[in-house]
Number of protein chains: 2
Amino acid sequence: MSGARYTPIRVEAGQRIVVLDQTRLPHDEVYVSISTVDALCEAIGCLRVRGAPLLGLAGMAGIAIAAERDDASDKSLQAAGARIAGTRSTAVDLGAGVQRAMEAVVGSALTGAERRRRLWTLAAAAVDEQAAIDERIAEAGAPLLERAGAVLTHCNTGALATGGRGTALAVIAAAHRCGWIERCYATETRPLLQGARLTTWELAQLGIPHALLSDSAAAGLLASGKVSAVVVGADRIAANGDVANKVGTLGLALAAKEFGVPFYVAAPRSTFDLACMDGSRIPIEFRPVDEVGGFGEQRWAPGAMDAYNPAFDVTPARFITALLTDRGVLRPPFGPAIDTAFGPPAGR
Amino acid sequence: MSGARYTPIRVEAGQRIVVLDQTRLPHDEVYVSISTVDALCEAIGCLRVRGAPLLGLAGMAGIAIAAERDDASDKSLQAAGARIAGTRSTAVDLGAGVQRAMEAVVGSALTGAERRRRLWTLAAAAVDEQAAIDERIAEAGAPLLERAGAVLTHCNTGALATGGRGTALAVIAAAHRCGWIERCYATETRPLLQGARLTTWELAQLGIPHALLSDSAAAGLLASGKVSAVVVGADRIAANGDVANKVGTLGLALAAKEFGVPFYVAAPRSTFDLACMDGSRIPIEFRPVDEVGGFGEQRWAPGAMDAYNPAFDVTPARFITALLTDRGVLRPPFGPAIDTAFGPPAGR
């Protein structure tokens with residue numbers, strides 16, 4: 001997974017973070033410098049920075065940025081943390097990243113300067129840590145793709161999604177390095193087209209042969225027998241193994257089940273929300289109507305129009321073959337497997 | 001279903017046909033005059049004229065147009081028929097329309113002038129006949145949507161698709177006139193966005209409250225319990241009830257089955273291909289790669305890229321609750337029901 005010549009997030013301690021603006025890919029590789037909480041919230045809200053684990057890194061760095069701009073008091077950091085965590089409601093990593101940063105300093109006797117130093121150190125270390133976590137996921141998951149030939153993935157789960165190596169795409173890349181992947185099918189992932197814009201771009205960078213398809217073509221592709229595994233990421237995984245992920249994941253899982261194709265979900269520990277008993281408790285973010293009626297400046301639907309635009313859906317655990325994590329491959333029944341891997345749910 | 005102020009196809013006997021250019025909707029209502037086989041093939045290939053039954057009307061009129069331009073001999077008509085029928089390989093209506101026109105004149109002792117007159121008369125009558133057929137489908141199907149509340153449809157199946165009243169959309173419109181439909185969800189239908197461009201436009205014309213969604217959001221919508229029926233059209237139905245329809249239909253059917261939502265397919269007799277025993281025999285048209293990497297002039301995927309772009313998929317009969325036809329509602333087992341309604345398959 002070496003040699004990526006792009007950097008989804010870079011922490012410049014004491015100053016700012018620099019992120020690759022994912023709304024400009026694949027045509028332009030533009031980096032954006034972020035040194036205020038306002039700018040960070042804008043970047044997260046507009047999906048310049050996206051992907052569950054990368055949002056966690058951005059959330060952590062956001063507290064360092066907040067501390068740099070004022071007295072770094074408990075009260076000001078808590079206000080900043082609430083704002084940052086509130087920009088996207090479904091991705092558990094964002095809130096967890098914010099929380100982790102807060103816990104390192106809030107309630108402590110540290111001075112403002114000490115708090116700032118500690119927060120920046122933590123944010124920088126978290127980026128390296130993410131790469132290590134992603135490598136463990138790839139190492140655990142790749143053997144499941146032995147001689148897979150063709151696989152299908154959804155949305156974007158590469159380095160652009162985690163700031164490290166990626167989740168599902170890192171598993172596929174690791175299997176490709178073993179010579180097991182001939183082709184990766186990538187869904188375009190409407191409405192924001194992360195698959196068409198980002199995954200194809202990353203697959204090209206990784207040298208993996210690939211083909212793009214409309215989301216709606218996936219069921220027929222799985223029925224055709226051309227694909228031997230589906231590998232996706234996750235935005236939040238409940239204690240029973242239900243998975244919230246990019247809208248469209250549920251449909252892929254149903255088709256995979258129907259046509260006997262293994263369905264794998266790759267995610268780090270931070271994506272598991274053990275306090276959330278099942279998928280019905282995961283809040284689903286609804287996004288603006290106009291995302292569906294066009295793309296960017298182009299409008300193809302009539303102007304005044306209602307739309308149904310959830311960013312995520314929930315795939316029940318029964319459709320999932322295995323969870324590929326940084327603590328190994330988890331198999332059904334997922335409740336006990338998750339308990340064993342990550343400890344019992346909070347509050348028990 | 002009265003009061004449509006637009007005319008998908010108009011036959012001007014002895015001269016030409018005039019079609020509403022569906023690639024320009026919803027923003028522009030532009031009519032295109034077609035008086036050569038070349039122009040017709042271009043219009044069909046570019047989807048200016050689309051929708052299975054409307055293609056049948058266009059195919060019939062195409063033979064009249066061909067006869068008008070030359071000696072109207074058997075040989076010249078057969079050559080024109082082969083060209084027209086070959087422009088889209090999956091839709092059975094197109095070939096059937098061509099065939100029907102040919103049978104009216106080829107091998108007969110009619111003069112060229114008589115052939116031309118007969119072909120134009122036939123083409124004009126077919127447009128009226130289509131409206132009557134569609135009304136019978138709507139009448140048969142609407143009672144299944146009694147108190148349905150919200151329904152989901154895919155692609156475009158209105159007057160724009162048939163040149164008459166429509167198939168699935170005519171059923172929904174008839175149920176709406178009975179006060180049973182509060183909202184019609186319309187999938188956008190990538191890659192050519194017939195749902196976003198055409199169905200929303202027709203729903204607005206019909207005064208039916210509606211919401212647009214990404215194709216990939218449909219499984220979650222069906223899981224939510226918000227929708228009480230799915231109604232779609234068909235491009236070809238095999239003798240056993242397997243249905244080839246716009247890509248994405250299979251995924252909707254799988255989700256409908258999983259979440260207990262009735263799945264209806266509305267189609268006229270002409271869409272049934274009784275010589276085709278099951279869905280595995282239906283040829284699936286693959287369309288150009290660049291349809292998937294963008295829309296119109298806009299490109300969002302990297303330039304050099306492979307894509308998997310089937311225009312249709314096949315939904316096995318076991319996922320279909322009922323077929324809504326101009327000869328009544330057919331229920332499983334579909335083989336015998338289709339036999340009874342339409343006579344035994346050819347060649348038996």
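How many bridges pair E9(B) with strand E15 (residues 312-315) of chain B, and in which sense, parallel or antiparallel? Select both strands: E9(B) and E15(B) pair over 4 bridges, in the antiparallel sense. Two strands count as paired if DSSP finds at least two bridges between them. Strands (E, at least two residues) and helices (H or I, at least four) are DSSP runs, numbered from the N terminus.

**Before moving on**

This is a predicted model, in which local features need pLDDT of at least 70 and side-chain atom pairs count only at pLDDT 80 or more, while totals for chains, interfaces and linings use all residues. Residues are numbered from 1 along each chain as its sequence is written, chains are lettered from A and ligands numbered from 1 in the order in which they are written, and side-chain values use heavy atoms, with hydrogens and water left out.

The model scores ipTM 0.91 and pTM 0.91. Colour chain A by pLDDT, the predictor's confidence in each residue, from 0 to 100. The mean for chain A is 94, and 97% of its residues reach 70 or more.

**Stop 1: the hairpin in chain B**

Stay on Ala244(B). In E15(B), Val314(B) stands opposite Ala244(B). E8(B) and E9(B) form a hairpin with 4 residues between them. In the turn, pick Gly241(B): its phi is positive, about 95 degrees.

**Stop 2: the interface**

Show both chains. Contact (heavy atoms within 4.5 Å) involves 50 residues of chain B and 50 residues of chain A. The buried area is about 3800 Å², and carbon and sulfur atoms give 63% of it. That area is the accessible area (1.4 Å probe) that two parts lose on being put together, summed over both.

Select Ser216(B), Trp300(B) and Tyr308(B). In chain B these lose the most area to chain A, together 20% of what that side buries.

Several elements of chain B each supply at least two residues of the side that touches chain A, including helix H8 (194-206), strand E6 (210-213) and helix H10 (249-258). H10(B) gives the largest share, 5 residues. By class, this side has 28 nonpolar, 11 polar and 11 charged residues. Nonpolar here covers Ala, Val, Leu, Ile, Met, Phe, Trp, Tyr, Cys and Pro; charged covers Asp, Glu, Lys and Arg; the others, Gly among them, are polar.

Pairing also crosses between the chains. Strand E14 (residues 306-308) of chain A runs parallel to E6(B), joined by 3 bridges. Zoom in on Ala307(A): its bridge partner in E6(B) is Leu212(B).

**Stop 3: Arg190(A)**

The rule finds 6 salt bridges across the interface. Each is a side-chain nitrogen of Lys or Arg within 4 Å of a carboxyl oxygen of Asp or Glu. Select Arg190(A) and Glu188(B): they form a salt bridge, with the closest N and O atoms 2.6 Å apart.

Step along the backbone. The peptide bond from Arg190(A) to Pro191(A) is cis, with omega near 5 degrees. Pro191(A) lies in the loop between strand E5 (181-187) and helix H8 (194-206) of chain A.

**Stop 4**

Go to Pro332(B) and Pro333(B), joined by a cis peptide bond with omega about 0 degrees. Pro333(B) sits in the loop between strand E17 (328-330) and helix H11 (334-342) of chain B.

Finish at Arg147(A). This residue is not a glycine, yet has a positive phi of about 50 degrees. Find Arg147(A) in the loop between helix H5 (112-141) and strand E4 (149-153) of chain A.
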